[in-house]
Amino acid sequence: MISVIGARRSYGDFAALDDVTLDIPAGSLTALLGPSGSGKSTLLRSIAGLEQLDGGRIVIAGRDVTGVAPQKRGIGFVFQHYAAFKHMTVRDNVAFGLTIRKRPKAEISRKVDDLLEIVGLDGFQHRYPAQLSGGQRQRMALARALAVDPEVLLLDEPFGALDAKVRADLRQWLRRLHDEVHVTTVLVTHDQEEALDVADRIAVLNKGRIEQVGDPVTLYDRPANDFVMSFLGSVARLGGALVRPHDIALDRDLERARAADARVGGSPGVIEAVVERVVRLGFEVRIDLRADSGTRFAAQVTRAEADALGLVEGETVYARATTGPDAAEIHPALAI
Amino acid sequence: MKTSTTARIGLRTVALGYLVLLIAVPIVLILWRTFGEGVGAFVDSIRTPAAISALNLSLLIVAIVVPLNVVFGVGTALALVRGRFRGRGLVQAVVDLPFAVSPIVVGVSLILLWGVDGWFGGLERLGIKVIFGLPGMVIATLFVTLPFVVREVEPVLHEIGTEQEQAASTLGASTWQTFWRITLPAIRWGLTYGVVLTIARALGEFGAVIMVSSGFPGVSQTLTLLVHSRYIDDHNTYGAYAAATLLMGLAVLTLLGMTALDRKRSKT
Ligand SMILES: Nc1ncnc2c1ncn2[C@@H]1O[C@H](COP(=O)(O)OP(=O)(O)OP(=O)(O)O)[C@@H](O)[C@H]1O
Ligand SMILES: [Mg+2]
């Protein structure tokens with residue numbers, strides 16, 4: 001378990017971390033999610049000891065490590081740009097921490113071979129980092145960090161420099177690895193999809209503050225505020241309220257729409273809008289709309305619904321939210 | 001746009017002619033004069049006690065200057081790239097000063113500082129001879145070769161950044177271990193070039209050294225001073241050519257060493 005208590009860090013008079021308090025449960029895979037410049041890296045690097053706090057404390061596994069050097073924190077750190085030791089072979093890279101600790105040669109060999117097998121770099125022992133792909137380099141960096149049996153594994157946008165396909169593969173792989181190794185892991189990312197995909201807990205950061213902490217479902221379904229809502233998944237602004245595009249229902253008949261809307265507590269009401277475009281995205285269909293007020297928003301419906309509605313561009317429809325702030329009362333199924 | 005063939009050939013001829021006239025002709029001339037009288041005469045001329053002493057002195061100065069420049073050069077480069085201290089701009093300018101200042105000025109100012117009447121003149125009275133002794137020549141050579149290691153290592157340090165070092169520290173390496181295992185191997189090529197340039201310049205330095213050397217043949221003459229004194233004082237032009245050829249041979253060896261290292265580098 002990692003506890004960050006009242007962490008503060010300023011650059012000049014700019015607060016990169018503004019009184020951050022956060023508990024990261026042992027064995028969890030927690031994502032630090034937030035826009036660029038929100039302080040994610042600063043928080044992660046403070047946990048690692050690569051950055052000094054101006055105030056507050058860091059406790060790792062019950063030990064206060066606030067003033068402790070990175071060497072002695074029992075951490076593994078993975079950098080966005082790999083930080084591979086370029087003049088060393090893959091084997092020597094992975095063995096580095098163990099060599100420093102003067103472990104017996106046989107033990108180092110065994111451990112390095114095991115790790116390279118786990119990260120799928122068997123047979124790459126004698127290559128140099130320059131002879132690896134980005135994804136392979138990052139897996140090497142991960143093996144290197146894991147070699148010293150860290151208490152916690154800290155990853156700063158580890159897949160940020162890779163292309164979309166490799167990213168998706170590697171994060172699945174990271175998830176499986178975590179399920180096997182169970183080391184407390186903190187992953188920094190600005191990609192909400194990545195966070196929702198791999199993490200079992202997400203902490204959303206904004207301007208050096210924690211906005212909300214919770215499991216992915218809670219954050220998605222019950223965001224604490226507009227920022228969290230719009231940062232996790234797309235949103236549409238429907239009469240002043242933020243609504244997920246798939247929580248918007250469309251109707252041709254105003255009376256029917258009003259009747260349905262009346263059953264949703266605290267809903268923003270029925271909005272008249274003109275269909276601007278109908279976009280088919282495989283199974284889903286996105287309908288771009290323009291309200292009377294001129295604001296544009298999009299609704300997302302299934303293909304079957306779209307076919308049933310048979311909307312054409314230029315037509316007027318009535319949009320309403322299918323969930324409201326009091327949604328839990330109306331749809332008991334959602335409250336579980 | 002395509003340059004016509006004639007223009008291209010013309011350009012090449014001009015460039016080549018320029019190089020030949022400026023560099024190749026003088027060198028070939030000296031070689032021709034040196035070996036025109038047979039290899040035996042050359043060997044005799046560089047085996048006189050004065051010549052052997054000059055060679056030894058030049059190599060001794062190189063042997064003292066190179067390690068000092070490596071240690072202080074790497075230290076200065078690290079401070080300039082990684083350090084956040086006031087007066088960094090000043091240090092940057094000071095490092096370049098030896099490039100800008102004429103060696104003869106260096107010699108004069110060293111006499112002012114270390115000579116009998118200088119600030120540190122007391123040393124002389126204690127029997128430690130700086131000016132007109134080996135220390136003076138070493139200090140003069142240190143001065144003129146100061147920028148090479150710093151300026152070769154600095155960009156490499158910039159390029160490698162600090163992430164590898166941070167990674168090493170998270171893996172448990174102390175500052176010292178990180179320096180030996182990560183930083184030094186990463187800058188080794190920059191350092192090598194810096195050393196090669198330092199050697200070449202230390203061997204060839206004349207203006208600063210002549211000011212602070214007593215210039216006795218067989219005692220305090222470096223190879224460059226030997227060439228000079230043979231030519232000017234002894235009117236031994238042949239001896240001057242032979243010594244110059246020896247000096248050039250050393251420079252060529254240094255360059256060959258660098259080329260060999262370069263080959264090795266492109267392979268790894
Ligand atoms: N060394 C520094 N000097 C001055 N300001 C800094 C420094 N490091 C970070 N900052 C500032 O602190 C804020 C937080 O930086 P941080 O690197 O933690 O952001 P981040 O959330 O990791 O962003 P990104 O997703 O772009 O990596 C930023 O506004 C940044 O400009
Ligand atoms: Mg960052």
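The shell around ligand 1 divides into 4 nonpolar, 6 polar and 2 charged residues, where Ala, Val, Leu, Ile, Met, Phe, Trp, Tyr, Cys and Pro count as nonpolar, Asp, Glu, Lys and Arg as charged, and the others, Gly among them, as polar. Before I go on, please keep in mind that this is a predicted model, in which local features need pLDDT of at least 70 and side-chain atom pairs count only at pLDDT 80 or more, while totals for chains, interfaces and linings use all residues. Residues are numbered from 1 along each chain as its sequence is written, chains are lettered from A and ligands numbered from 1 in the order in which they are written, and side-chain values use heavy atoms, with hydrogens and water left out.

Which residues surround ligand 1? They are A:Y11, A:F14, A:A16, A:P35, A:S36, A:G37, A:S38, A:G39, A:K40, A:S41, A:T42 and A:E157, a residue being counted as near when one of its heavy atoms lies within 4 Å of the molecule. Within that group, a backbone N or O atom of A:G37 lies 2.8 Å from an oxygen atom of ligand 1, and side-chain N or O atoms come to 2.6 Å from a ligand oxygen in the case of A:S41 and to 2.5 Å in the case of A:T42. These are polar contacts in the sense of a pair of N or O atoms within 3.5 Å; within protein, one must also be able to donate a hydrogen and the other to accept it, and residues adjacent in sequence count only if both atoms are side-chain atoms. Taken alone, ligand 1 exposes 630 Å², of which the protein buries 59%; the accessible areas come from the Shrake-Rupley method with a 1.4 Å probe, and for residues only the protein chains shown count as cover. Strand 2 (14-24) and helix 1 (40-48) of chain A are the elements that give two or more residues to this shell, and helix 1 of chain A provides the largest share, 3 residues. Helices (H or I, at least four residues) and strands (E, at least two) are DSSP runs, numbered from the N terminus.

Let me turn to the open space. The largest pocket holds about 840 Å³ and is lined by 27 residues, with A:K86, A:H87, B:Q164, B:A186 and B:R188 nearest its centre. On a 1 Å grid over the protein atoms alone, a pocket is an open set of points with protein on both sides within 12 Å along at least five of seven lines, a cavity is a set where a 1.4 Å probe fits but cannot get out, and lining residues have an atom within 4 Å of a point. Points are joined across faces, edges and corners, and a volume is the space filled by probe spheres set on them. Helix 9 of chain B gives the largest share of the pocket lining, 6 residues, and by class that lining has 12 nonpolar, 8 polar and 7 charged residues.

Helix 9 of chain B also carries B:W176 and B:W180, 4 residues apart, about one turn of the helix. Their ring centres are 5.9 Å apart and their planes stand at 90°, so the pair is edge-to-face; rings of Phe, Tyr and Trp (its six-membered ring) pair if their centres lie within 6.5 Å, with planes under 30 degrees apart counted as stacked, over 60 as edge-to-face and the rest as tilted.

How many cavities of 30 Å³ or more does the structure hold? There are 2. The largest has a volume of about 50 Å³, and its lining includes B:S58, B:I61 and B:E205.
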